[in-house]
Amino acid sequence: MRGTIFWDSDDNEVAGADEMLSNANVLFREASGQYIKAITGDTGTFSLNINPTTLYQVTVSKPGFQTVELGKHTPQSLSFSLIQSLEPISIPITGKVYLEDEVIEDQNILLHFNSEYSSIPSTTFQVGRDGAYSGRILPGLYQVTFTHNITAGDDTNVYQIVQEL
């Protein structure tokens, strides 16, 4: 039995080279409770030898992604191949904006989270009057831009700070 586990980040239903998921778990559980587990390698692929006619409950999982229950199958019914996409689970992000150990309050501040991957959408948070922000983002590497408009309604005094997160 062979397979590929990926995140279809561009929604084209094809496993692209940059969409492969390493360390995903592929579990084949028999009715007796015994199971065989494969873990995908760096290329998002796995291979294992299992009985081709045994009926298995097939589950694919990876931390940070939604678990997929594929139901009961034999390796033969899957044509000895499994190609499965997993969807990421958004994670909460919260915090406060500080300047020299003081929370910045009552200001017009935006935080832009720009992913290093074109398939992950950018997200912008409006910082509240108390200096706090919260929301959800997809797992990934982000460049964070802090935009502070010193004079509300007048863009002549805007500055930005860019950091990797």
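E13 sits in the loop that runs between β1 (2–6) and β2 (25–29). In this predicted model, E13 has a relative accessible area of 72%, so the residue counts as exposed. E13 also belongs to a negative surface patch, together with D10, D11, D18 and E87.

The loop between β1 and β2 also holds W7, whereas F65 lies in the loop between β5 (56–61) and β6 (68–73). Now to the aromatic rings. A pair of such rings is described by the distance of the centres and the angle of the planes. The structure has 6 aromatic pairs. One of them joins W7 and F65. Their centres are 6.2 Å apart, with 70 degrees between the planes, and the pair is edge-to-face. Because W7 and F65 lie in those two loops, their pair ties together parts that are 58 residues apart in sequence. Both W7 and F65 are buried.

F113 and Y142 form another pair. Their ring centres are 6.2 Å apart and the planes stand at 80 degrees, so this pair is edge-to-face. Here the partners come from strands: F113 from β11 (residues 108–115), Y142 from β14 (residues 142–149). The pair therefore ties together parts that are 29 residues apart in sequence. F113 has 2% relative accessibility, so F113 is buried. Y142 is also buried, at 2% relative accessibility.

Terms used
Residues numbered from 1 in each chain as written. Predicted model: local features only at pLDDT ≥ 70, side-chain atom pairs only at ≥ 80, totals over all residues. Heavy atoms only, no water. Patch = residues over 30% accessible without salt bridge, like charges linked within 9 Å, V, L, I, M, F, W, Y side chains within 5 Å. Areas by Shrake-Rupley, 256 points an atom, 1.4 Å probe, with all protein chains shown as cover. Salt bridge = Lys/Arg side-chain N within 4 Å of Asp/Glu carboxyl O. Lys, Arg positive; Asp, Glu negative; His and termini not counted. Charge placed at Lys NZ, Arg CZ, Asp CG, Glu CD. Helix = DSSP H or I, 4+ residues; strand = E, 2+ residues; numbered from the N terminus. Buried < 20%, exposed > 50% of the residue type's maximum accessible area, 1.4 Å probe, protein only. Phe/Tyr/Trp six-rings, centres within 6.5 Å; stacked < 30°, edge-to-face > 60°.
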